[in-house]
Amino acid sequence: MKMYNLIFSKDWPNRLTRHFIFWLAVFLYHLIRISFLYTPENIGKMASSILFGALIWGVLTNMIISYTVVYYLVPKFFINKKYLLFAVGILGLLLVALGIGVFQTLINRHMMGAVGFTQQRPYMFMRGTAIRILGNPPLICGLLLSLKTSKNWHLKQLENETLIKEKANAELQLLKAQIHPHFLFNTLNNIYSFTLTKSPQAVGLVQKLSDMLNYMITDCEQPLVPLEKEIQLLKDYIGLEKVRYGKRLNMEVKIDGDSENKLITPLLLIPFVENSFKHGASTMLENPWIRLNISIEQNELLFNLSNSKPSLVVSSNGKNGIGLINVQKRLKLLYPNQHFLEINERADFYQVSLKLPLHKTEVQKEIDFQEGYYEEHILKNVSVN
(Lines give C-alpha, C1' and ligand atoms only; values in the text may rest on other atoms or scores of the structure.)
Protein backbone atom coordinates (compact mmCIF):
# COMPACT_ATOMS: atom_id res chain seq x y z
CA MET A 1 0.00 0.00 0.00
CA LYS A 2 2.86 2.41 0.79
CA MET A 3 4.47 1.73 -2.58
CA TYR A 4 1.11 2.17 -4.33
CA ASN A 5 0.55 5.52 -2.60
CA LEU A 6 4.07 6.60 -3.47
CA ILE A 7 3.42 5.94 -7.16
CA PHE A 8 -0.21 7.00 -7.55
CA SER A 9 -1.15 9.25 -4.63
CA LYS A 10 -1.88 12.91 -5.39
CA ASP A 11 -0.88 14.27 -1.98
CA TRP A 12 2.18 16.53 -1.96
CA PRO A 13 4.54 14.43 0.24
CA ASN A 14 4.24 11.43 -2.10
CA ARG A 15 4.39 13.59 -5.23
CA LEU A 16 7.58 15.32 -4.05
CA THR A 17 9.11 11.98 -3.04
CA ARG A 18 8.54 10.30 -6.40
CA HIS A 19 9.84 13.36 -8.29
CA PHE A 20 12.90 13.40 -6.06
CA ILE A 21 13.54 9.71 -6.76
CA PHE A 22 13.16 10.28 -10.50
CA TRP A 23 15.66 13.14 -10.62
CA LEU A 24 18.04 11.33 -8.28
CA ALA A 25 18.11 8.51 -10.82
CA VAL A 26 18.74 11.05 -13.59
CA PHE A 27 21.59 12.55 -11.57
CA LEU A 28 23.23 9.14 -11.01
CA TYR A 29 22.82 8.32 -14.70
CA HIS A 30 24.63 11.52 -15.73
CA LEU A 31 27.27 11.06 -13.06
CA ILE A 32 28.14 7.64 -14.47
CA ARG A 33 27.83 8.72 -18.11
CA ILE A 34 30.08 11.78 -17.72
CA SER A 35 32.66 9.74 -15.81
CA PHE A 36 33.11 7.54 -18.86
CA LEU A 37 34.34 10.61 -20.80
CA TYR A 38 37.57 10.51 -18.82
CA THR A 39 40.23 7.92 -18.30
CA PRO A 40 40.26 6.36 -14.80
CA GLU A 41 43.49 8.13 -13.73
CA ASN A 42 42.06 11.58 -14.55
CA ILE A 43 38.58 11.18 -12.93
CA GLY A 44 39.93 12.52 -9.62
CA LYS A 45 41.20 15.70 -11.27
CA MET A 46 37.86 16.33 -12.91
CA ALA A 47 35.62 15.33 -9.95
CA SER A 48 34.25 18.86 -9.53
CA SER A 49 33.59 19.12 -13.26
CA ILE A 50 31.80 15.76 -13.28
CA LEU A 51 29.58 16.67 -10.30
CA PHE A 52 28.90 20.10 -11.78
CA GLY A 53 27.92 18.63 -15.14
CA ALA A 54 25.70 15.90 -13.60
CA LEU A 55 23.86 18.34 -11.32
CA ILE A 56 23.58 21.52 -13.38
CA TRP A 57 23.57 20.30 -16.96
CA GLY A 58 22.26 16.77 -16.38
CA VAL A 59 19.49 17.48 -13.84
CA LEU A 60 18.64 21.18 -13.76
CA THR A 61 18.62 21.68 -17.53
CA ASN A 62 16.59 18.53 -18.22
CA MET A 63 14.25 19.39 -15.36
CA ILE A 64 13.44 22.77 -16.92
CA ILE A 65 12.95 21.28 -20.38
CA SER A 66 10.94 18.25 -19.20
CA TYR A 67 8.61 20.17 -16.90
CA THR A 68 8.03 22.80 -19.60
CA VAL A 69 6.97 20.08 -22.07
CA VAL A 70 5.01 17.80 -19.69
CA TYR A 71 3.21 20.42 -17.60
CA TYR A 72 2.86 23.29 -20.09
CA LEU A 73 3.28 22.49 -23.79
CA VAL A 74 1.46 19.14 -23.78
CA PRO A 75 -1.65 20.15 -21.75
CA LYS A 76 -1.90 23.69 -23.18
CA PHE A 77 -1.17 23.03 -26.86
CA PHE A 78 -0.89 19.34 -27.78
CA ILE A 79 -4.01 18.11 -25.96
CA ASN A 80 -5.97 21.10 -27.31
CA LYS A 81 -4.78 20.20 -30.85
CA LYS A 82 -2.73 23.36 -31.26
CA TYR A 83 0.02 21.40 -32.95
CA LEU A 84 1.77 24.35 -34.61
CA LEU A 85 2.26 26.17 -31.31
CA PHE A 86 3.36 22.90 -29.73
CA ALA A 87 5.99 22.40 -32.49
CA VAL A 88 7.23 25.99 -32.05
CA GLY A 89 7.59 25.37 -28.32
CA ILE A 90 9.56 22.14 -28.90
CA LEU A 91 11.80 23.88 -31.44
CA GLY A 92 12.47 26.68 -28.96
CA LEU A 93 13.45 24.16 -26.28
CA LEU A 94 15.80 22.39 -28.73
CA LEU A 95 17.52 25.71 -29.45
CA VAL A 96 17.85 26.28 -25.71
CA ALA A 97 19.32 22.78 -25.34
CA LEU A 98 21.72 23.52 -28.20
CA GLY A 99 22.93 26.73 -26.57
CA ILE A 100 23.34 25.00 -23.21
CA GLY A 101 25.24 22.12 -24.83
CA VAL A 102 27.72 24.42 -26.58
CA PHE A 103 28.11 26.53 -23.45
CA GLN A 104 28.74 23.42 -21.36
CA THR A 105 31.45 22.25 -23.76
CA LEU A 106 33.25 25.57 -23.47
CA ILE A 107 32.98 25.51 -19.64
CA ASN A 108 34.33 21.98 -19.52
CA ARG A 109 37.32 22.88 -21.71
CA HIS A 110 38.06 25.85 -19.48
CA MET A 111 37.87 23.74 -16.30
CA MET A 112 40.09 21.08 -17.87
CA GLY A 113 42.65 23.68 -18.82
CA ALA A 114 42.64 25.10 -15.29
CA VAL A 115 43.72 21.77 -13.81
CA GLY A 116 46.25 21.09 -16.56
CA PHE A 117 44.24 18.18 -17.94
CA THR A 118 44.85 17.09 -21.50
CA GLN A 119 42.04 15.01 -22.94
CA GLN A 120 43.23 11.72 -24.38
CA ARG A 121 40.06 11.20 -26.41
CA PRO A 122 39.04 14.60 -27.87
CA TYR A 123 36.22 13.15 -29.99
CA MET A 124 34.35 12.32 -26.77
CA PHE A 125 33.51 16.01 -26.24
CA MET A 126 31.73 16.26 -29.59
CA ARG A 127 29.91 13.05 -28.86
CA GLY A 128 28.94 14.25 -25.36
CA THR A 129 27.60 17.54 -26.77
CA ALA A 130 25.49 15.69 -29.34
CA ILE A 131 24.09 13.44 -26.59
CA ARG A 132 23.25 16.43 -24.41
CA ILE A 133 21.40 18.16 -27.27
CA LEU A 134 19.68 15.32 -29.16
CA GLY A 135 19.73 12.45 -26.69
CA ASN A 136 19.23 13.28 -23.05
CA PRO A 137 16.48 15.96 -23.13
CA PRO A 138 14.12 13.99 -25.45
CA LEU A 139 14.90 10.73 -23.60
CA ILE A 140 14.31 12.10 -20.10
CA CYS A 141 11.34 14.20 -21.15
CA GLY A 142 9.78 11.22 -22.92
CA LEU A 143 10.36 9.02 -19.87
CA LEU A 144 8.77 11.56 -17.52
CA LEU A 145 5.82 12.02 -19.89
CA SER A 146 5.37 8.23 -20.18
CA LEU A 147 5.36 7.78 -16.41
CA LYS A 148 2.86 10.61 -15.94
CA THR A 149 0.63 9.31 -18.75
CA SER A 150 0.69 5.77 -17.34
CA LYS A 151 -0.15 7.05 -13.87
CA ASN A 152 -3.02 9.20 -15.16
CA TRP A 153 -4.34 6.31 -17.26
CA HIS A 154 -4.37 4.01 -14.22
CA LEU A 155 -6.13 6.62 -12.06
CA LYS A 156 -8.64 7.25 -14.86
CA GLN A 157 -9.36 3.54 -15.07
CA LEU A 158 -9.97 3.40 -11.32
CA GLU A 159 -12.23 6.44 -11.59
CA ASN A 160 -14.19 4.84 -14.44
CA GLU A 161 -14.56 1.59 -12.49
CA THR A 162 -15.83 3.54 -9.48
CA LEU A 163 -18.32 5.42 -11.64
CA ILE A 164 -19.50 2.17 -13.22
CA LYS A 165 -20.00 0.57 -9.80
CA GLU A 166 -21.82 3.63 -8.49
CA LYS A 167 -24.03 3.70 -11.58
CA ALA A 168 -24.73 -0.01 -11.26
CA ASN A 169 -25.56 0.34 -7.57
CA ALA A 170 -27.86 3.30 -8.24
CA GLU A 171 -29.57 1.38 -11.04
CA LEU A 172 -29.98 -1.68 -8.83
CA GLN A 173 -31.58 0.41 -6.10
CA LEU A 174 -33.92 1.94 -8.66
CA LEU A 175 -34.86 -1.48 -10.06
CA LYS A 176 -35.43 -2.85 -6.57
CA ALA A 177 -37.62 0.12 -5.69
CA GLN A 178 -39.68 -0.54 -8.80
CA ILE A 179 -40.14 -4.20 -7.89
CA HIS A 180 -41.62 -3.40 -4.48
CA PRO A 181 -44.73 -1.49 -5.62
CA HIS A 182 -45.20 -3.84 -8.56
CA PHE A 183 -45.26 -6.84 -6.25
CA LEU A 184 -47.35 -5.15 -3.56
CA PHE A 185 -49.97 -4.01 -6.02
CA ASN A 186 -50.78 -7.55 -7.13
CA THR A 187 -50.67 -9.02 -3.61
CA LEU A 188 -52.93 -6.36 -2.09
CA ASN A 189 -55.45 -6.99 -4.85
CA ASN A 190 -55.59 -10.64 -3.75
CA ILE A 191 -56.19 -9.70 -0.11
CA TYR A 192 -58.79 -7.11 -1.11
CA SER A 193 -60.87 -9.76 -2.85
CA PHE A 194 -61.09 -11.70 0.47
CA THR A 195 -61.97 -8.64 2.52
CA LEU A 196 -64.94 -7.96 0.24
CA THR A 197 -66.46 -11.32 1.24
CA LYS A 198 -65.40 -10.88 4.89
CA SER A 199 -63.51 -14.15 4.74
CA PRO A 200 -61.63 -15.13 7.95
CA GLN A 201 -58.71 -16.12 5.72
CA ALA A 202 -57.98 -12.44 5.22
CA VAL A 203 -56.34 -12.29 8.67
CA GLY A 204 -53.89 -15.06 7.78
CA LEU A 205 -53.18 -13.46 4.46
CA VAL A 206 -52.40 -10.14 6.11
CA GLN A 207 -49.99 -11.90 8.48
CA LYS A 208 -48.21 -13.56 5.58
CA LEU A 209 -48.01 -10.27 3.76
CA SER A 210 -46.63 -8.66 6.93
CA ASP A 211 -43.86 -11.27 7.10
CA MET A 212 -43.05 -10.74 3.44
CA LEU A 213 -42.92 -6.96 3.86
CA ASN A 214 -40.67 -7.29 6.88
CA TYR A 215 -38.27 -9.38 4.81
CA MET A 216 -38.37 -6.98 1.87
CA ILE A 217 -37.86 -3.88 4.01
CA THR A 218 -35.16 -5.19 6.36
CA ASP A 219 -33.25 -8.09 4.79
CA CYS A 220 -33.47 -6.87 1.20
CA GLU A 221 -31.55 -3.72 2.04
CA GLN A 222 -28.46 -5.92 2.01
CA PRO A 223 -26.81 -6.82 -1.31
CA LEU A 224 -27.01 -10.51 -0.39
CA VAL A 225 -29.58 -12.40 1.68
CA PRO A 226 -29.79 -16.01 2.95
CA LEU A 227 -31.12 -18.29 0.24
CA GLU A 228 -33.47 -19.87 2.79
CA LYS A 229 -35.26 -16.55 3.29
CA GLU A 230 -35.56 -15.91 -0.43
CA ILE A 231 -37.11 -19.35 -0.91
CA GLN A 232 -39.45 -18.74 2.05
CA LEU A 233 -40.59 -15.56 0.31
CA LEU A 234 -41.56 -17.65 -2.70
CA LYS A 235 -43.43 -20.12 -0.49
CA ASP A 236 -45.34 -17.32 1.27
CA TYR A 237 -46.28 -15.72 -2.01
CA ILE A 238 -47.41 -19.04 -3.49
CA GLY A 239 -49.39 -19.66 -0.29
CA LEU A 240 -51.21 -16.36 -0.76
CA GLU A 241 -52.05 -17.17 -4.37
CA LYS A 242 -53.14 -20.77 -3.68
CA VAL A 243 -55.74 -19.51 -1.22
CA ARG A 244 -57.10 -17.27 -3.91
CA TYR A 245 -57.31 -19.96 -6.60
CA GLY A 246 -58.24 -22.88 -4.35
CA LYS A 247 -58.54 -26.28 -6.00
CA ARG A 248 -58.90 -24.71 -9.41
CA LEU A 249 -55.12 -24.36 -9.65
CA ASN A 250 -52.83 -27.34 -10.15
CA MET A 251 -49.67 -26.14 -8.38
CA GLU A 252 -46.52 -28.25 -7.99
CA VAL A 253 -43.47 -27.03 -6.09
CA LYS A 254 -40.31 -29.07 -5.75
CA ILE A 255 -37.20 -27.80 -3.92
CA ASP A 256 -34.10 -30.00 -3.75
CA GLY A 257 -30.68 -29.42 -2.24
CA ASP A 258 -29.17 -27.73 0.79
CA SER A 259 -30.01 -24.03 1.04
CA GLU A 260 -28.19 -23.45 4.34
CA ASN A 261 -25.19 -21.11 4.50
CA LYS A 262 -25.78 -19.83 0.97
CA LEU A 263 -26.49 -16.28 -0.16
CA ILE A 264 -28.33 -14.81 -3.12
CA THR A 265 -29.23 -11.34 -4.37
CA PRO A 266 -32.69 -10.49 -3.00
CA LEU A 267 -35.87 -10.41 -5.08
CA LEU A 268 -34.42 -12.11 -8.13
CA LEU A 269 -36.83 -15.04 -8.27
CA ILE A 270 -40.15 -13.57 -7.12
CA PRO A 271 -40.90 -11.66 -10.40
CA PHE A 272 -40.88 -14.93 -12.38
CA VAL A 273 -43.28 -16.60 -9.93
CA GLU A 274 -45.46 -13.50 -9.85
CA ASN A 275 -45.70 -13.42 -13.65
CA SER A 276 -46.66 -17.09 -13.78
CA PHE A 277 -49.79 -16.21 -11.78
CA LYS A 278 -50.55 -12.80 -13.24
CA HIS A 279 -50.09 -13.65 -16.92
CA GLY A 280 -50.69 -17.39 -16.76
CA ALA A 281 -53.03 -18.85 -14.15
CA SER A 282 -55.20 -15.74 -13.80
CA THR A 283 -55.99 -15.75 -17.54
CA MET A 284 -56.97 -19.44 -17.65
CA LEU A 285 -60.64 -20.31 -17.20
CA GLU A 286 -60.03 -24.05 -17.00
CA ASN A 287 -57.21 -26.22 -15.63
CA PRO A 288 -54.49 -23.63 -14.93
CA TRP A 289 -51.23 -25.16 -13.82
CA ILE A 290 -47.82 -24.04 -12.57
CA ARG A 291 -44.67 -26.17 -12.10
CA LEU A 292 -41.80 -24.80 -10.01
CA ASN A 293 -38.57 -26.74 -9.59
CA ILE A 294 -35.65 -25.31 -7.61
CA SER A 295 -32.46 -27.35 -7.37
CA ILE A 296 -29.44 -26.33 -5.30
CA GLU A 297 -26.26 -28.06 -6.43
CA GLN A 298 -23.23 -27.06 -4.36
CA ASN A 299 -22.82 -23.35 -5.14
CA GLU A 300 -25.25 -23.13 -8.02
CA LEU A 301 -28.99 -22.52 -8.21
CA LEU A 302 -31.14 -24.07 -10.92
CA PHE A 303 -34.55 -22.45 -11.24
CA ASN A 304 -37.14 -23.88 -13.63
CA LEU A 305 -40.65 -22.53 -13.85
CA SER A 306 -43.40 -23.31 -16.33
CA ASN A 307 -47.06 -22.37 -16.43
CA SER A 308 -50.07 -22.72 -18.66
CA LYS A 309 -51.50 -19.89 -20.70
CA PRO A 310 -54.42 -19.47 -23.09
CA SER A 311 -53.55 -21.04 -26.43
CA LEU A 312 -55.73 -18.66 -28.43
CA VAL A 313 -54.22 -15.51 -26.96
CA VAL A 314 -50.81 -14.18 -27.89
CA SER A 315 -49.43 -13.48 -24.43
CA SER A 316 -46.14 -11.89 -23.50
CA ASN A 317 -46.52 -13.44 -20.05
CA GLY A 318 -44.69 -10.54 -18.52
CA LYS A 319 -41.90 -10.29 -21.09
CA ASN A 320 -42.64 -6.61 -21.36
CA GLY A 321 -43.75 -6.18 -17.76
CA ILE A 322 -41.87 -4.06 -15.23
CA GLY A 323 -41.00 -6.97 -12.95
CA LEU A 324 -39.40 -9.23 -15.54
CA ILE A 325 -37.59 -6.44 -17.36
CA ASN A 326 -36.12 -5.30 -14.05
CA VAL A 327 -34.91 -8.74 -13.03
CA GLN A 328 -33.27 -9.24 -16.43
CA LYS A 329 -31.39 -5.96 -15.99
CA ARG A 330 -30.39 -6.89 -12.47
CA LEU A 331 -29.04 -10.25 -13.62
CA LYS A 332 -26.87 -8.54 -16.24
CA LEU A 333 -25.55 -6.09 -13.66
CA LEU A 334 -25.01 -8.54 -10.82
CA TYR A 335 -23.96 -11.68 -12.68
CA PRO A 336 -22.31 -10.58 -15.94
CA ASN A 337 -21.33 -13.66 -17.97
CA GLN A 338 -22.08 -15.78 -14.89
CA HIS A 339 -25.76 -16.57 -15.28
CA PHE A 340 -27.91 -18.36 -17.81
CA LEU A 341 -31.48 -17.23 -18.50
CA GLU A 342 -33.74 -18.76 -21.11
CA ILE A 343 -37.36 -17.76 -21.64
CA ASN A 344 -39.50 -19.87 -23.97
CA GLU A 345 -43.08 -19.14 -24.96
CA ARG A 346 -45.15 -21.77 -26.70
CA ALA A 347 -48.74 -21.84 -27.87
CA ASP A 348 -50.16 -23.06 -24.55
CA PHE A 349 -47.39 -22.76 -21.97
CA TYR A 350 -44.57 -20.53 -20.85
CA GLN A 351 -41.21 -21.62 -19.44
CA VAL A 352 -38.32 -19.92 -17.62
CA SER A 353 -34.94 -21.56 -16.93
CA LEU A 354 -32.40 -19.74 -14.80
CA LYS A 355 -28.99 -20.81 -13.56
CA LEU A 356 -26.78 -18.59 -11.43
CA PRO A 357 -23.96 -18.93 -8.89
CA LEU A 358 -24.59 -18.69 -5.15
CA HIS A 359 -22.42 -16.94 -2.60
CA LYS A 360 -21.15 -18.60 0.55
CA THR A 361 -21.63 -17.34 4.09
CA GLU A 362 -18.60 -17.04 6.36
CA VAL A 363 -19.78 -20.17 8.17
CA GLN A 364 -19.83 -22.14 4.92
CA LYS A 365 -16.37 -20.84 3.97
CA GLU A 366 -15.03 -22.07 7.30
CA ILE A 367 -16.72 -25.46 6.82
CA ASP A 368 -15.21 -25.80 3.32
CA PHE A 369 -11.80 -24.86 4.68
CA GLN A 370 -11.99 -27.44 7.44
CA GLU A 371 -13.18 -30.16 5.05
CA GLY A 372 -10.39 -29.32 2.62
CA TYR A 373 -7.83 -29.36 5.43
CA TYR A 374 -8.93 -32.76 6.79
CA GLU A 375 -9.17 -34.24 3.30
CA GLU A 376 -5.63 -33.11 2.50
CA HIS A 377 -4.41 -34.37 5.89
CA ILE A 378 -5.98 -37.80 5.35
CA LEU A 379 -4.53 -38.10 1.83
CA LYS A 380 -1.06 -37.26 3.16
CA ASN A 381 -1.34 -39.93 5.84
CA VAL A 382 -2.51 -42.52 3.31
CA SER A 383 0.36 -41.72 0.96
CA VAL A 384 2.88 -41.93 3.81
CA ASN A 385 1.54 -45.25 5.07
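**Note on helix packing and a bent helix**

1. Helices H7 and H8 (residues 270-278) pack at an angle of about 10°, and their axes lie 10 Å apart. Helices are DSSP runs of H or I with at least four residues, numbered from the N terminus. Axes are lines fitted to C-alpha atoms, for helices over the stretch in contact, and angles run from 0 to 180 degrees between N-to-C directions. H7 and H8 are therefore roughly parallel to each other (angles under 35 degrees count as such).

2. This is a predicted model, in which local features need pLDDT of at least 70, side-chain atom pairs count only at pLDDT 80 or more, and totals for chains, interfaces and linings use all residues. Residues are numbered from 1 along each chain as its sequence is written, and side-chain values use heavy atoms, leaving out hydrogens and water.

3. The axes of H6 (residues 201-217) and H7 (residues 227-245) come within 10 Å and cross at roughly 155°. That makes H6 roughly antiparallel to H7 (the term applies to angles over 145 degrees). Residues in this contact, defined by heavy atoms within 4.5 Å, include Leu 205 and Met 212 of H6 and Leu 240 and Val 243 of H7. The contact of H6 with H7 comprises 7 nonpolar, 2 polar and 4 charged residues.

4. Helix H3 (residues 47-78) spans only 41 Å between its end C-alpha atoms, whereas a straight helix of 32 residues would span 46 Å at 1.5 Å a residue. The expected span is 1.5 Å times one less than the number of residues. H3 bends by about 35° at Val 69, the bend being the angle between axes fitted to the seven residues ending there and the seven starting there.

Notes
Helices (H or I, at least four residues) and strands (E, at least two) are DSSP runs, numbered from the N terminus. Angles under 35 degrees count as roughly parallel, over 145 as roughly antiparallel, 65 to 115 as roughly perpendicular and the rest as oblique. Ala, Val, Leu, Ile, Met, Phe, Trp, Tyr, Cys and Pro count as nonpolar, Asp, Glu, Lys and Arg as charged, and the others, Gly among them, as polar.
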